[in-house]
Amino acid sequence: MQDFVPSEKKSIRNISIERPQTFSSRPEESGDASPETIGVTLPPRNASPLVSTGRGSKKYLVWGGVVAAILVIFFSSSALFAGGKVTVHPKSVLVNLDHTFTASLAPVADGIGFEMVTLDKEMSKEVAATGQERVERPASGTIIVYNNFDDQIQKLITNTRFETPDGLIYRIKESINVPGKHKNEKGDMVPGSVEAEVFADSAGEKYNIGLSDFTIPGFKDKDAPRFAGFYARSKTPMTGGFAGTVKTASAADTKAAYDSLNAELKTALENEVLGAVPEGFIPVPSTVQTSYQTLPNADGATDTSVSVRVKGTASLVAVDETKLGAMVARVMVAGYDGSDVYFKDPKALVIEPTASSTKFSTLSDIEFKIQGSTNLLWKFDAEQLASDIAGKSRSAASEVIATYTGIENADLVIRPVWRLSFPSNPEKIDVLIATE
């Protein structure tokens, strides 16, 4: 007998398990699976991609900005690099020369002028010192003497005095001819001038001075207007003045040093004086003349050496190229209108004096022979040309250039290539002369 009712046995095997509902992603496996059955809404087939209208506008704005930036950079660069180039072919005439002409220190109208070009140079060489000696030497230097008194050549004789504002006196050792005042290329009256070497009236270092003005005391009491019209100015400082004891070397060493220095100076001066010819003048190499002056010895680099010094001076004649070219054009070019001309290759011409001279610097007129072949080229004002065509189109610039009588033709280039006119700033236009 059971006095109790046994409870129903509980076992894990008797507990029902509620399994979650599952779906297959493969319809062929599930058979009836579909979006509707799984509660998912899909977009219709062939629907357009999901692109919002707001993002499209931003994209177009970005591209528009890029294009605008490129255009700004493009036009800015165009303005920055804008320029022009004009290659001019000047009027040209071939001339074959075998003529003589006379050049003057003070040429008359249409005459051919010449200038004396002078150059000084010092060199030294150290040799063994053998003793001492007392030395007294005057200072020396180069001055330019001016004639602003009249249009006549004034001869100044040897030992003519030149005085500084401090009362120091220097003299020329050789006579000189000072050209008269004359008109320059602009038509202005300018003083005639000539270079001259002067020496101090006494030895000593007090005459070693820098650049200075000079008067000519000889005119002071005799001719006040002439005294005021003639004057001089330093071209170089006055140097070499000395009075005292210096080291000496043996006679043989000193002579060898002088010979060596003179040879070195001759080569250097002959080369350098050709390079010192001013623009617009043609040098005459055969007129180069040199002179040498021994200077007081200086202390050497050691206690047992002495520095032997020499000062050399070179001079040569240089002829006014424009005046010479005009003379040739008048003789050889029919209908020459008096325009300024120059020689395409002056080095192709041989110019020599018809007579030798021991001192060309003392001459006021020199006759030359000129031989050779080269072209005469007509000059034009390049700066004025650039100014005249600034801001103009290519065709308008061509019309302007056609009015220049010295220009045969010209090649025009405008940068960048899409520009239609030259820059308005003349400084951005390069004017070149064709080499061929």
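Predicted model: local features only at pLDDT ≥ 70, side-chain atom pairs only at ≥ 80, totals over all residues.
1. The lining of the second largest pocket splits into seven nonpolar, twelve polar and seven charged residues. Its volume comes to about 530 Å³. Out of 26 lining residues, Glu174, Glu197, Ser291, Thr313 and Lys359 sit closest to the pocket's centre.

2. Who builds that lining? Strand 3, strand 11, strand 15 and strand 16 each put in at least two residues. Strand 15 gives the most, with five residues.

3. Now for the largest pocket, which holds about 1300 Å³ of space. It has 41 lining residues, and the ones nearest its centre are Pro107, His182, Lys183, Asn184 and Asp320. Two or more residues of the lining come from each of strand 3, strand 9 (182-183), strand 11 (192-203) and helix 6. Which element gives the most to this lining? That would be strand 3, with five residues. By type, the lining of the largest pocket has 18 nonpolar, eleven polar and twelve charged residues.

4. Next, have a look at helix 5, which runs over residues 251-275 and so has 25 residues. From the first C-alpha to the last, helix 5 reaches 36 Å, close to the 36 Å expected at 1.5 Å a residue.

5. Which residues of helix 5 are buried? They are Thr254, Ala257, Tyr258, Leu261, Leu265, Ala268, Leu269 and Val273. Check the spacing of those numbers with this in mind: an α-helix has 3.6 residues a turn, so residues three or four places apart point the same way. As for what covers the buried residues of helix 5, the list includes strand 3 (112-128), strand 15 (281-299) and strand 16 (305-320).

6. On to the largest nonpolar core, a group of 29 residues. Phe101, Leu324, Phe343, Ile351, Phe368 and Leu376 are the members that touch the most others. Strand 2 (92-104), strand 3, strand 15, strand 16, helix 6 (321-332), strand 17 (341-343) and strand 19 (365-378) are the elements that give two or more residues to this core. A second, separate core has 22 residues, among them Tyr170, Phe214, Ala232 and Met238.

7. Setting aside neighbours within four places in sequence, what is Leu376 in contact with? The list runs Lys91, Ser92, Val93, Val95, Gly325, Val328, Ala329, Val333, Val341, Tyr342 and Phe343.

Conventions: Residues numbered from 1 in each chain as written. Heavy atoms only, no water. Helix = DSSP H or I, 4+ residues; strand = E, 2+ residues; numbered from the N terminus. Expected span 1.5 Å × (residues − 1). Buried < 20%, exposed > 50% of the residue type's maximum accessible area, 1.4 Å probe, protein only. Contact = heavy atoms within 4.5 Å. Core = buried A, V, L, I, M, F, W, Y, C linked by side-chain atoms within 4.5 Å. 1 Å grid on protein atoms, 1.4 Å probe; cavity = no way out; pocket = protein on both sides within 12 Å on 5 of 7 lines; lining within 4 Å. Points joined across faces, edges and corners; volume = space filled by probe spheres on them. Nonpolar A, V, L, I, M, F, W, Y, C, P; charged D, E, K, R; others polar.
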